[in-house]
Amino acid sequence: MKGDQKRRSRPNVRSELLFLLAINGVLIGNVKPAVIFALVLFSGLLLCLFCRISTAAKYVLTYCLMFSAEHLLMLLPGISLFHFIIVISSVLRKFIPCFMVGCLILETTTPGNFLASMQRLHMPKVFSLPFAVVLRFFPTVKEDWHSIRSAMKLRGIGLSFGNVIAHPLRTVEYIIVPLLSSSIKIGDELSAAAIARGLGMERDRTSVYDVRFCIWDHLLMLAAAVFFVLITFV
Amino acid sequence: MKEKLNGKDLINIGIFSAIYFVIVFITAMLGMVPILYPMLTVICPLVGGVVYMLFLTRVKKFGMIWIMSILMGILMLISGMSWYALAIGVFSGLIADLIFKSGNYGSSVKGVLSHAVFSLWIFGNYLLFYLNHESYMKTREEMVGKEYVDKLNSLLPMWSWVVLLAATLIFGLIGGMMGKSMLKKHLSKAGIA
């Protein structure tokens with residue numbers, strides 16, 4: 001059993017969050033394109049290892065496409081529309097690495113593991129508990145969102161771009177109101193379940209999750225340090 | 001803080017934060033269309049209003065709005081929007097909470113006001129663009145030339161942050177009022193609000 005725990009095959013959410021904080025500077029400073037590209041590749045590697053290869057491929061490809069499109073447009077004569085596209089694209093492109101790590105955290109962290117990790121970090125429960133609920137609730141909202149959309153489509157109220165622009169308020173009403181009423185119900189069930197499992201207690205909870213740092217955490221923190229230095233000083 | 005927040009309150013915060021964030025985030029995808037990007041300060045408070053007003057019907061203790069505001073900041077940080085929304089959200093959330101508290105957690109006028117202040121975290125995301133304006137422009141100038149930088153400046157000049165800030169507050173008010181009436185129209189009847 002002990003040997004198994006040593007070989008835990010993914011980093012803990014704490015080191016993932018630390019990595020995310022370390023690379024946030026990529027949005028602000030004038031970071032060299034090569035550094036951003038390395039960061040995108042590294043985050044892609046993380047997604048391949050711990051999440052899904054298709055997700056990783058999607059982000060890396062998007063980045064490459066945006067980068068090359070920008071440079072192609074720059075070769076063309078200076079039309080202001082092109083300039084505008086270049087600016088917007090070069091800003092949005094910088095979000096991609098953070099987005100990738102955020103996706104890794106949201107998709108691979110279970111609420112139980114998250115709560116156990118945050119408890120170890122002595123994070124007050126007023127933050128960790130709502131956040132864990134958010135993690136748990138995202139997939140539910142997404143599911144509801146899709147079923148509401150198909151129900152709307154059946155009645156001929158599609159969520160096409162034209163519809164949103166033409167009747168913004170109506171669209172909002174038709175989507176948010178059903179979403180809210182179904183979420184509230186799920187929410188009440190969720191609170192009952194959570195309280196039954198002792199989440200409302202004052203005392204610390206015990207957990208079956210192994211949240212000790214493993215080799216992956218040390219590697220990830222090393223990477224965080226390297227990228228932080230690269231982003232800030234190079 | 002007279003009463004401590006219990007497990008149910010914290011779970012409510014989580015649920016509403018998730019719904020609010022998803023809805024605002026999907027709306028913010030409209031910002032991928034360049035011309036709509038500054039318009040998000042108008043659209044997001046309008047859309048988020050109804051969720052926020054429903055959240056307020058669950059708020060009876062100090063701290064719930066504040067925590068939700070901080071959570072929004074953290075979620076923005078995670079989704080790669082930098083830490084400005086968090087920095088703003090810590091303060092605007094506290095003020096929004098105090099405003100709603102001053103109405104004894106039941107006044108709808110105070111609720112609408114508090115939504116306007118709460119919405120400021122959306123504005124916070126734009127600070128990334130303004131606060132790093134100069135260094136940003138300089139690198140662009142080296143890359144694509146001065147003429148282009150001038151064009152960009154004319155599209156989003158430095159002073160435009162005042163407009164965006166005002167838009168967030170005003171449409172926060174309108175969004176709050178719309179949210180209130182939407183609650184009355186649909187959800188009160190179902191016994192949810």
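1. Helix α2 of chain A, residues 13–23, is mostly covered, with 8 of its 11 residues buried. The buried positions are A:Val13, A:Ser15, A:Glu16, A:Leu17, A:Phe19, A:Leu20, A:Ala22 and A:Ile23. A residue is called buried if 20 or more other C-beta atoms lie within 10 Å of its own, exposed if 12 or fewer, and partly exposed in between, with C-beta atoms placed from the backbone. Helices (H or I, at least four residues) and strands (E, at least two) are DSSP runs numbered from the N terminus.

2. The model is predicted: local features need pLDDT of at least 70 and side-chain atom pairs count only at pLDDT 80 or more, whereas totals for chains, interfaces and linings use all residues. Residues are numbered from 1 along each chain as its sequence is written, while chains are lettered from A and ligands numbered from 1 in the order in which they are written.

3. Chain A holds 10 helices and 0 strands, in the sequence pattern α-α-α-α-α-α-α-α-α-α. Its C-alpha atoms fill a box of roughly 65 × 55 × 30 Å along the principal axes. Of the 234 residues of chain A, 30% count as buried. Among the contacts in chain A with a separation of 6 or more, 76% involve residues 24 or more positions apart; two residues are in contact if their C-beta atoms, placed from the backbone, lie within 7 Å.

4. Chain B likewise has 10 helices and 0 strands. Buried residues make up 51% of its 193 residues. For contacts in chain B between residues at least 6 apart in sequence, 76% join residues at least 24 apart.

5. A:Leu46 lies in helix α3 of chain A, residues 33–50. This leucine counts as buried because 23 C-beta neighbours lie inside 10 Å. A:Leu46 and A:Leu220 are 174 residues apart in sequence, yet 9.3 Å apart in space from C-alpha to C-alpha.

6. The largest nonpolar core has 111 residues, of which A:Ile23, A:Ile176, B:Ala18, B:Ile19 and B:Val51 touch the most other members. Such a core is a set of buried Ala, Val, Leu, Ile, Met, Phe, Trp, Tyr and Cys residues joined through C-beta atoms within 7 Å. Domain 1 (1–109 + 210–234) and domain 2 (123–203) of chain A each contribute at least three residues to this core; the domain bounds come from an automatic or database domain assignment. Leaving aside residues up to four places away in sequence, A:Ile23 touches A:Leu39, A:Pro97, A:Cys98, A:Val101, A:Phe227 and A:Ile231.

7. The contact between the chains takes 46 residues from chain A and 44 residues from chain B. On the side of chain A that touches chain B, α5 (80–108), α7 (125–154) and α9 (168–196) each supply at least two residues. The largest share of that side, 14 residues, comes from α9(A). Its residues divide into 33 nonpolar, 11 polar and 2 charged. Here Ala, Val, Leu, Ile, Met, Phe, Trp, Tyr, Cys and Pro count as nonpolar, Asp, Glu, Lys and Arg as charged, and the others, Gly among them, as polar.

8. Two backbone angles deserve mention. A:His122, not a glycine, has a positive phi of about 60 degrees and is found in the loop between α6 (111–120) and α7 of chain A. With 8 other C-beta atoms within 10 Å, A:His122 is exposed. B:Tyr105 also has a positive phi of about 60 degrees without being a glycine; B:Tyr105 is found in the loop between α4 (84–102) and α5 (108–118) of chain B. B:Tyr105 is partly exposed, with 19 other C-beta atoms within 10 Å.
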